[in-house]
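Please open the structure in a viewer and keep the selection tool at hand.

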Amino acid sequence: FKAAVLIQQWYRRHVARLEMRRRCTWRIFQSIEYACEQDQIKLHNFFSYLMDQFTPSSSKERDFISRMFVSGESYKEAELEKYCDYESIEVPDSYIGPRLSFPLLPDHATALLEAFQQKQQLHARYVLNLLHETRKHLKQLPNISHVSTCYSEEVTVCGDLHGQLDDLFLIFYKNGLPSPSKSYVFNGDFVDRGKQSLEILVILFTFLLIYPKEVHLNRGNHEDHMVNLRYGSHLMPYLFFSFSQVHGKKILRMFQNVFCWLPLATLIDQKVLIIHGGISDTTDLDMLEKIQRDKFISVLRLKKRKESSRKPEMQAINGEKESGSDAAGKEAAPRLSLQPQSAQAPSTANRLEFSRWLRQTVQEQIDTCRRLVDISESEPEELTYSSLVSLKDVDEPCWTRQQEWKQILDILWSDPMPQEGCRENKVRGGGCYFGPDVTEKFLEKYSLQFLIRSHECKQEGYEFCHNRKVLTIFSASNYYEIGSNRGAYVKLGPDLIPHFVQYQANKTAHMLTMTQRQGFPVALISRVEESAFRALREQLFAHTSALVSAFKAYDRDNTGRITLSNWATAVESVLRLGLPWRMLRKQLVCSTKDGMLEYKSWLDDLAMEQRSQEHIQSSLLEIIYRNRSNLETIFRIIDRDHSGLISFEEFQQTWKLFSSHMNIELTDDGIDDLVRSIDFNKDGNIDFNEFLEAFRLVKQCP
């Protein structure tokens, strides 16, 4: 008996340790993911602030800014019809891929599935035609779709797919294709992160047109133009490498327009509400049903400035002036000035001197903008994308649009929390956290049984919370790493009792043992944990300079050593990931002497690990690691036609915007010299590698 008790105690301790480390690994993945979403919002706020402070000097500059930063705005109906002129595109005889004719039939869907399994591509003509027909169908749908189990045996609900086509294939293999007797609800986030977003959209839109009463698509937070700029690293280049630049641009623009017409929610038997993110204490289904959803191309963008504050600037552009009496009777509106006193550019002939001057000037202005965008707590209004315009000084139409925007923002971005109440979701930077009491009141108000949502990766593919009143379903398996999580879908019959099916699409995942999937064996670090800590070390390395400053604050005697407790506090103060650093110390800090850490040696080890992967000097590599995602987003913003290349004209217009705003005196010839110096292969365009290389050269200047 004693032996049995000892074995039982050992086993329980072992399982507890495995569970603790599994949760830590999961928190690492999620914290880094949500931090990236915050970076996207901060970057967008920075550009929004820059644009608010910039006054175009001509109609040409104003048109360029409109195209570059407001590329998601809706076309008029006639313009869009003309823009999507798929009939003028000829399909060559050499094309061997699938062919579509409308109206679509089940055989077309089967042909597409087989073609995509064989890595074939659909011709641009058929893609545009499909998007055109999909848009026409979506425009006829209400904001909240209604599904009944009376007409089909069951309804299958799928969560996030994120461009992982293998997961969609596996769902259809296990559950069957959509049909009159098998309804599907796909709950948003079809795109981004994964490599096959386009194929997933084509398949879902095809089934939507074939079975319009059995297939239902909800909008997710990634069906958003601004989010695609950061996370659509596989979607946008694919469009332009697969199709011509003209066709790729048309397809991308049509996708943006189709996304804004996707319904916002689905209601099953008037008892189960399916939304992508969640709810808030102000979520109103009656208002959601009346919103003109196509107005919101991106919920990350909403004008905060009143038109009245823009009027003087527009008058100045058009050469208009206020009368003397009016001007005298009004106070001059305060305006934040970002312009330096004098910034005479050195000659571009001396490239080293010019690069040093350029880096210093741009960095000063960006730091100034960041300080102004990062409003302190004492500010009455926070300039984030989730902030609300003050109720005073705004007219009724403006406030109504603000309310509508917040309704959509909350259902796309919110997450449940175990605590009572409703508070701002600062982890993601958008939406809110809602508690069990908010869920209970909402369900009671609308006579609902429970909510189904997605938006969060779950290790088992699904998870209940709020007394089983909120169900999270996530269908992208191996989301963070092979073996990191299962995918799942849920089936609901007339009794509305959920039945779950779990899976892992990747063949490698099936070969992992249960220990490798869930725990961390003594002699072998699991693949999932290794991937998580590798990503965490990259984050630590990317913030080396800030960590050094934080460590020195605790090392007043300049000994080069700090306590492990101070190490944990300093790391959290810099990264702000909310991780249990003391618990993670053994995986991040190899050895210590007398409970003290030699932080300089520790940072050198981090740099050595990263340099073994990238043969670049550590200080420069730190900058690139920290800014690569932002640089990719900036590159796509400048690349207004999303071709994957920045033309000389695009770069010149963008630089004029910055130089005019920063009061940098640089002639057109100087800009031409600058853009040609970045075009290393002299092909007349700037690709992303050249863009990064130019950044690297500038940062190397002492």
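The stops below concern a sheet, a helix and the nonpolar cores.

This is a predicted model, in which local features need pLDDT of at least 70 and side-chain atom pairs count only at pLDDT 80 or more, while totals for chains, interfaces and linings use all residues. Residues are numbered from 1 along each chain as its sequence is written, and side-chain values use heavy atoms, with hydrogens and water left out.

**The sheet**

Begin with the six strands that form an open sheet of mixed pairing, in the order β1-β5-β6-β10-β12-β11. Strands (E, at least two residues) and helices (H or I, at least four) are DSSP runs numbered from the N terminus, and two strands pair if DSSP finds at least two bridges between them. Select β1 (144-147) and β11 (462-465): these strands stand at the edges with a single partner strand each, so one side of each is left without a neighbour in the sheet.

Next, select residues 450-453 and 470-473. These are β10 and β12, which run parallel and are joined by three bridges. Arginine 453 has threonine 472 in β12 as its bridge partner.

**Helix α4**

Move to residues 106-117, the twelve residues of α4. The end C-alpha atoms of α4 are 17 Å apart, which agrees with the 16 Å that the helix should span at 1.5 Å a residue; the expected span is 1.5 Å times one less than the number of residues.

Which residues of α4 are buried? They are His108, Ala109, Leu112, Leu113, Ala115 and Phe116, where buried means under 20% relative accessible area and exposed over 50% (1.4 Å probe, protein chains only). These residues cover an arc of only 165° around the axis, which puts them on the same side of α4; the arc is that of the directions from the helix axis to the C-beta atoms. On the other side, Asp107 and Gln117 are exposed. Just after the helix, lysine 119 takes a positive phi of about 65°.

**The nonpolar cores**

A nonpolar core is a set of buried Ala, Val, Leu, Ile, Met, Phe, Trp, Tyr and Cys residues joined through side-chain atoms within 4.5 Å. The largest has 57 residues, and Leu122, Leu168, Phe186, Phe190, Ile203 and Leu217 have the most contacts inside it. Its largest share, ten residues, comes from α7.

Centre the view on leucine 168. Leaving aside neighbours within four places in sequence, leucine 168 is in contact (heavy atoms within 4.5 Å) with Leu161, Phe186, Ile200, Ile203 and Leu204. Finally, select Trp26, Ala35, Ala532 and Phe551, which are included in a second, separate core of 38 residues.
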